[in-house]
Amino acid sequence: MAITGLFFIFFLLLHMYGNLKMFAGADAYNGYAEWLRTLLAPALPYKGGLWILRILLLVSIVAHVYCAVKLWARASHARGNKYKVNSGKKVGPSASYYAMIMRWGGLALGLFIVFHIMQFTTLTLSIGADYSTITPYERMIAGFSASNWWVLLIYFIALCSLALHVRHGLWSAFATLGIATGRAELAFKAIANLAALALLLGFMVPPTAILLGFIA
């Protein structure tokens, strides 16, 4: 679960960087979209590298969800009705809060991923225009135009869930791998906080700029 989570965060940071190319103009963003399709060419066919990345993401998602369900079931079985930590105290509200974030936030993210893929990958949700006839840059403009403010609201809610999920999950992954211990614990917590904030702001800035008319 820790390894797949770290892979997701690495992918999200790259994806966020690509989205920021909206500020560089249509040529830069469309060029980035085309680069993804020619990744590892000519060793691989057109979109070959992109499909490898998609398959890796799909496998990671399945593995991540499977581990989450197994851990939840194991914890529920071990806890019973009177679960207590080693100190003898009942599990505090903070533990329950983080468990709720990771469980329900993960479910919300799963639903959002389906929505996002349908909008910008399979193009089955053409919001604001016919996506099959326009460029990737134009799809972003159409999808987040002022008339489609509700799309930005969906993204904001999903990204808040993502930030909370990353904030706790990234530090937990470091702890699971045995590197966020002792004096390093505070440093890795700071890294998790920065990563969560960077993803929230980095993904929100381009669509917000489109909505407000700064990118057109």
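The protein has seven helices and zero strands, in a model that is predicted. Along the sequence the order of elements reads α-α-α-α-α-α-α. Of its 216 residues, 30% are buried.

**The core**

The largest nonpolar core contains 39 residues. Met 22, Met 140, Phe 144, Tyr 155, Val 166 and Leu 170 have the most contacts inside it. At least two residues of this core come from each of helices H1 (2–19), H2 (26–37), H4 (93–120), H5 (136–143), H6 (149–176) and H7 (184–211). Helix H6 gives the most, with ten residues.

Leaving out residues up to four places away in sequence, Tyr 155 touches Phe 112, Phe 115, His 116, Gln 119, Phe 120, Phe 144 and Met 204.

Gln 119, one of the residues that Tyr 155 touches, lies in helix H4. Gln 119 counts as buried because its relative accessible area is 0%, and buried means under 20%. Apart from neighbours within four places in sequence, Gln 119 is in contact with Leu 125, Ile 127, Tyr 131, Gly 143, Val 151 and Tyr 155.

**The surface**

A nonpolar patch on the surface is formed by Trp 149, Trp 150, Leu 153, Ile 154, Phe 156 and Ile 157. Together these residues have about 600 Å² of accessible area. Ile 154 lies in helix H6, and its relative accessibility of 32% makes it partly exposed.

Val 59 lies in helix H3, which covers residues 48–79. Val 59 counts as exposed because its relative accessible area is 52%, and the cut-off for exposed is over 50%. Val 59 and Thr 4 are 55 residues apart in sequence, yet their C-alpha atoms are 9.1 Å apart in space.

**Salt bridge and cysteines**

The count of salt bridges is one. This salt bridge joins Glu 185 and Lys 189, with 3.5 Å between the closest N and O atoms. Both residues lie in helix H7, four residues apart, which is about one turn of the helix. Glu 185 is partly exposed, with a relative accessibility of 27%. Lys 189 is also partly exposed, at 33%.

The count of disulfides is zero. Cys 67 is partly exposed at 25% relative accessibility, and Cys 160 is partly exposed at 27%.

The table collects the relative accessibility of the residues discussed above.

| Residue | Relative accessibility | Class |
|---|---|---|
| Gln 119 | 0% | buried |
| Cys 67 | 25% | partly exposed |
| Glu 185 | 27% | partly exposed |
| Cys 160 | 27% | partly exposed |
| Ile 154 | 32% | partly exposed |
| Lys 189 | 33% | partly exposed |
| Val 59 | 52% | exposed |

Notes:
Residues numbered from 1 in each chain as written. Predicted model: local features only at pLDDT ≥ 70, side-chain atom pairs only at ≥ 80, totals over all residues. Heavy atoms only, no water. Core = buried A, V, L, I, M, F, W, Y, C linked by side-chain atoms within 4.5 Å. Buried < 20%, exposed > 50% of the residue type's maximum accessible area, 1.4 Å probe, protein only. Contact = heavy atoms within 4.5 Å. Patch = residues over 30% accessible without salt bridge, like charges linked within 9 Å, V, L, I, M, F, W, Y side chains within 5 Å. Areas by Shrake-Rupley, 256 points an atom, 1.4 Å probe, with all protein chains shown as cover. Salt bridge = Lys/Arg side-chain N within 4 Å of Asp/Glu carboxyl O. Disulfide = S-S within 2.5 Å.
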